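This report goes through the nonpolar cores, the sheets and the aromatic pairs of one protein model. Please keep the structure open while reading.

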Amino acid sequence: MHCVLLVGSLSSALGAQDDAQFKELAAAATKSFGLTTEAAAVNFDAEVVATQTLSLRLGAIEFLYPKAGLQSAQDLTDLQQGAIAVCNAQRLLHDWMSATPAPPEFDAAHRSVQAWLKSWHWPTTAPALATLSDEVATAQRQFTAGMAKLLAREPEACRAQAWLAPTRQNFCEMCGLLGAIAPENRELLWQKHILRSSEAWVSRPRTIQIVAMEYAPPEELLGEHGITGVRMDAREKGGLLQHVVQRAMSSLVVMAFGENVDRDFEAGLCQDLVVALLKENNARTGGSGLGGYAAAREQFVAGGASSGGALAAINLDSQWRQTKGKDYFIRPLKQGQRNGSKHAAAKEPKDKIGNFLLQDDNGKPDHVVRAPFLGPPAKGLPSVPGNYDADFKELLRAYRSGFVFWLRESAGKSTSDSKVKFAGMLRELAEGGGKVTFELACRRAFGERLSAEGPTPPSLEWKFLAWLQR
């Protein structure tokens, strides 16, 4: 009894310390925005969004960016490149969902918004972003209307919001502020690991994703509030752009397909959109906790700066990232499957296609993990020893991308048939408004259940595994 009380008291004390820290961050946020209102009483839309924020409407996505964050030409370039890429990712999604050429008016609106984004120049553009010409405003509305029609929504309801935090300080302060404003958000935001996360989600005043544009530093340099950040491109060329596009498309998918969308499918689809657009995806979101902490939605935060501000050369790439996603991770998945087959103890050769060989934290390959890894009937993922957990998460990241790629390219009778069925599945998810599950949409589109415990009865996951073995 005494032990239980002691543990309970310690947990309460630690929780109180965390709350106090986030309350300080919330207070710092009000100061950063020049507000005199107590954090808990701040009206987010009226006092923060309307006056302190650049609202950038890009089709079905709206970027919210703090005006004070535009401090340099690099800041503007980061925002500009992210906005251009997110517009292109939506144009790509339009192709994937319709399986037919986009209407001319949609293409024209997309080109007009892109032309405006490409016209930005420092420093003259920065103050003018809040005031749009009639021509640009019209193009934005038409682009949004085209995406809304695709997603079976009214234009005003077709708005996936993402707060872009240009610095670690802004990211941490926003987590503190939105938790102070709405107690419902605290379960997601007022958690110690959030200070090392690269994204966070809130439910009030509506679903908004907070997207960090810097990684947290290593533990020893974290500081009191994790304020100092590491530029994402410093460790991974193109890392910032890959991260921003993937997180923005995640916001869109959650908005379009419902907040209960299958998380494996969401991750795989968004990762593949990045690959198709940027030719690779080695972003640190969605993988293991190596070098940082996983966020509440199982996303990854990279760390690893050395003293004096110089960036240490730390290998954060797992065996599953050998191709950096250029091939949608198919080659490393094939190799992992071959290695797993050799080490597996399955009775029948056909059962070995579901085995993958994991490495421990020291790179020793001697633990086999077996499918299914996707939705029903799997009630949960296979358990692995703690020192294999990081590699397992990296396998799952690659596996999701590979499966969605296969679904779109090879799950049907031909490539063209696969694309038509994949498009129909996406449209059904959108038209269902969160009421149609990924499992059901897959069955209707491809005529097979999503997964099973083994190769028989037939399922899409085990057909993918058989295809992977070829």
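Which residues touch the most other members of the largest nonpolar core? The structure shown is a predicted model, and in it this core has 107 residues, among which F63, F257, F265, L407 and M425 touch the most other members.

## Nonpolar cores

Helix α3, spanning residues 73–98, gives the largest share of this core, with 12 residues. A second core of 30 residues is separate and includes F44, W163, A200 and I210. In general, nonpolar side chains of soluble globular proteins tend to be buried together.

M425 gives a local view of the largest core. Apart from neighbours within four places in sequence, M425 is in contact with F265, L407, F438, A441, C442, A445 and F446. Two of these partners, F265 and L407, are also listed with M425 among the residues that touch the most other core members.

## Cysteines

C442, one of the contacts of M425, has a relative accessible area of 0% and is therefore buried. C270 has a relative accessibility of 1%, so C270 also counts as buried, the cut-off being under 20%. The number of disulfides found in a search of the whole structure is 0.

## The five-stranded sheet

An open sheet contains 5 strands in the order β1-β2-β3-β5-β4, and its pairing is mixed. Its edges are β1 (53–58) and β4 (199–202), each of which pairs on one side only. On average, and with direction ignored, neighbouring strands of this sheet are turned by 25 degrees against each other.

Within the sheet, β3 (residues 160–165) and β5 (residues 208–212) run parallel and are joined by 5 bridges. W163 stands opposite I210 in β5. Both W163 and I210 also belong to the second core.

How do strands β8 and β9 pair, in the parallel or the antiparallel sense? The pairing of β8 (residues 355–359) with β9 (residues 365–370) is antiparallel and covers 5 bridges. F356 has V369 in β9 as its bridge partner. Between the two strands of the hairpin are 5 residues, and G363 takes a positive phi near 85 degrees.

## Aromatic pairs

The count of aromatic pairs comes to 19. One of them joins F33 and W163: the ring centres are 6.2 Å apart and the planes stand at 85 degrees, so the pair is edge-to-face. Because F33 lies in the loop between α1 (2–32) and α2 (44–52) while W163 lies in strand β3, the pair ties together parts that are 130 residues apart in sequence. F33 and W163 are both buried.

The pair of F265 and F438 is stacked, with 4.3 Å from centre to centre and 20 degrees between the planes. This pair links distant parts of the chain, with F265 in helix α10 (residues 263–278) and F438 in helix α14 (residues 438–446), 173 residues apart. Why do F265 and F438 count as buried? The relative accessible area of F265 is 2% and that of F438 is 6%, and buried means under 20%. Both phenylalanines are also contacts of M425.

Notes. Residues are numbered from 1 along each chain as its sequence is written. This is a predicted model: local features need pLDDT of at least 70, side-chain atom pairs count only at pLDDT 80 or more; totals for chains, interfaces and linings use all residues. Side-chain values use heavy atoms; hydrogens and water are left out. Two strands pair if DSSP finds at least two bridges between them. Helices (H or I, at least four residues) and strands (E, at least two) are DSSP runs, numbered from the N terminus. A nonpolar core is a set of buried Ala, Val, Leu, Ile, Met, Phe, Trp, Tyr and Cys residues joined through side-chain atoms within 4.5 Å. Buried means under 20% relative accessible area, exposed over 50%, partly exposed in between (1.4 Å probe, protein chains only). Contact means heavy atoms within 4.5 Å. A disulfide is a pair of cysteine sulfur atoms within 2.5 Å. Axes are lines fitted to C-alpha atoms, for helices over the stretch in contact, and angles run from 0 to 180 degrees between N-to-C directions. Rings of Phe, Tyr and Trp (its six-membered ring) pair if their centres lie within 6.5 Å; planes under 30 degrees apart count as stacked, over 60 as edge-to-face and the rest as tilted.
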